[in-house]
Amino acid sequence: MLRREEGQITVFVALLFFVLMGVSLCVLEGMYSFSESALAESAIKGAGNYVLANYNRSLFDRYHLFFLDPREREQVEQDGKAYLSASFGDNSFFQPSCSRLEVTEERTAVDEDGLYLRHQIREWMKYREVAKAGETLKELFASVADIRKGDDLAKADMSKAENAIAKEKEKSEAKNTETAGEGREKDSSGGGGADDEKEPGGDTEAREKAAGDTGIRWKEILELLTNITRSGILVYVTDDIGAVSQLSVSVEGLPSGSAASEKDAADFFSGALSFLNVDEWKKILSDIQAEEGDSRVLSDEFYLLEYIEENFGSYVRKSEEESALLYETEYLIAGKDSDRANLKAVADRMLGLRFLANYAYLSQDGEWKTASGSAAAVLTGILGFPQARKAVQVLLTAAVSFGESMLDVHALFSGEEVPVIKDDSTWNLTLENAAVLLKNRGPVKQGRWNAGYEDYLKLFLASRLARNRLLFRMMDIMQLNVALEQPDFRMEDCLFAFRWEADFSCGGWLTFFPGIGQHGGGFTMELERLNSY
């Protein structure tokens with residue numbers, strides 16, 4: 001029997017069958033485990049998308065932003081587990097089960113200094129027309145250099161005027177002392193006849209007559225400008241101050257946080273201004289700073305201006321939907337707690353910018369130099385103070401430039417456009433027509449390159465593009481408007497992304513052939529996923 005060779009092939013094939021069957025079962029078990037783990041990964045991805053589908057509808061409909069509804073924030077884990085449980089039915093061939101699911105990281109709209117809000121806006125504006133560059137805005141930036149030259153020129157002229165007044169005060173005091181001494185000598189000697197007494201009076205009458213012949217109503221002009229500055233700029237630039245929105249909000253709890261306490265450059269016109277106070281004008285001019293965006297802002301962040309123009313209302317472009325504040329773009333610039341305060345701050349900024357541009361032109365105009373020099377000579381002659389002619393001429397230039405700026409700002413608030421830089425063909429105000437034009441509020445002349453109210457808003461916004469505060473003020477408006485329907489809505493509760501970790505228990509296909517290196521007929525898989533819009 002030992003030497004018989006029958007049945008060897010049968011025994012070999014039988015042994016080989018068990019080996020092949022074991023290999024096949026290992027392959028099938030591996031395929032089952034791989035498919036089960038892939039389905040578990042797909043399920044947790046689907047669960048993330050399922051949760052993210054609960055974005056805030058109001059925020060998307062109005063501002064085209066995807067952020068998780070704050071009301072869903074407490075239900076993230078619960079809804080995720082419910083989705084995973086429903087992903088695999090009782091009759092499913094694969095039976096993975098989620099034993100643990102928890103959120104380990106959250107990223108909200110206010111994190112990273114508004115980075116996620118900026119990302120959402122950029123994604124939306126990809127599908128919008130952003131090719132139009134805004135030529136008027138670029139022209140305004142190009143004019144900033146000229147305006148700064150005007151600022152330097154104005155401060156230099158004011159300094160000269162101040163020095164002239166100081167010197168003349170010293171001369172006047174010395175002259176008064178000398179005159180008093182001569183008067184005492186004449187009294188003691190019985191001098192001083194009738195002819196000596198009539199000469200000063202006659203000279204004064206002649207000067208007053210000369211001033212009247214020019215047709216300039218000095219008292220009316222000065223009184224009008226003083227009333228304007230004391231009563232507030234909005235009284236002049238708006239045709240109906242009663243129609244200005246009185247809406248206000250509480251800044252507490254808003255994403256911008258300390259926006260109300262931020263010092264704004266537009267506050268320099270608060271209070272009354274005196275056109276004869278050189279020190280005050282120097283302070284005003286030194287406080288005005290025209291901010292210029294760099295090339296990165298114009299190229300990379302310009303889409304924010306387009307987005308703001310499309311989605312935020314302003315004084316000349318009201319929002320069609322209910323809003324907590326009507327002048328939303330003005331709030332983005334000024335950050336005040338009321339429409340009226342925001343509108344005044346923007347008007348002050350426009351007035352300051354227009355003043356510098358107008359002063360830069362008028363102080364270099366030859367015809368004006370002649371006219372203002374003659375008027376200053378007449379005025380200083382009437383006052384008996386001819387040495388201060390240069391100082392009075394500078395103040396006249398500042399006053400007329402200010403009046404011209406008031407006309408410009410009124411035109412902007414009326415929806416008209418004004419020339420970016422004035423010339424002799426577009427200048428409106430003169431010493432003769434100042435009282436009439438200021439009283440009637442225009443009209444103003446148009447030039448070749450003009451800019452409107454919203455162009456100036458873009459200029460002010462562009463100076464803030466590099467600052468994160470603009471993004472947070474945008475979130476302020478979003479929160480306030482959505483809160484009109486959802487009182488508990490907070491942007492800081494809106495999730496842009498969240499990370500969760502999960503443990504899946506995956507059973508083996510054949511309980512008697514457990515997974516390699518595992519016990520109990522299955523294995524546990526740990527998954528981690530970042531879910532974001």
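**Reading charges on a predicted model**

Visitor: Take Glu-322: where does it sit, between which helices?

Guide: Glu-322 is in the loop that runs between α11 (302-311) and α12 (328-334). Its relative accessibility is 61%, so Glu-322 counts as exposed, the cut-off being over 50%.

Visitor: And what about opposite charges, what can they do?

Guide: Side chains of opposite charge can pair when their charged atoms come close. Here the count comes to 17 salt bridges.

Visitor: Which residue does Glu-328 pair with?

Guide: Glu-328 bridges to Arg-62, with 4.0 Å between the closest N and O atoms. Glu-328 belongs to helix α12 and Arg-62 to helix α2 (residues 57-63), so this pair ties together parts 266 residues apart in sequence. Glu-328 and Arg-62 are both buried.

Visitor: How far apart in the chain are Glu-105 and Arg-499?

Guide: They form a salt bridge, closest N and O atoms 3.0 Å apart, yet 394 residues separate Glu-105 in strand β1 (residues 97-108) from Arg-499 in strand β4 (residues 495-507). Glu-105 is partly exposed at 28% relative accessible area, while Arg-499 is buried at 18%.

Visitor: What separates Lys-344 and Asp-348 along helix α13?

Guide: About one helical turn, because the two are four residues apart in α13 (residues 339-362). Lys-344 is partly exposed at 27%; Asp-348, at 2%, is buried. Elsewhere, salt bridges with shared partners join Arg-100, Glu-102, Glu-501 and Asp-503 into one network.

Key: Residues numbered from 1 in each chain as written. Predicted model: local features only at pLDDT ≥ 70, side-chain atom pairs only at ≥ 80, totals over all residues. Heavy atoms only, no water. Buried < 20%, exposed > 50% of the residue type's maximum accessible area, 1.4 Å probe, protein only. Salt bridge = Lys/Arg side-chain N within 4 Å of Asp/Glu carboxyl O.
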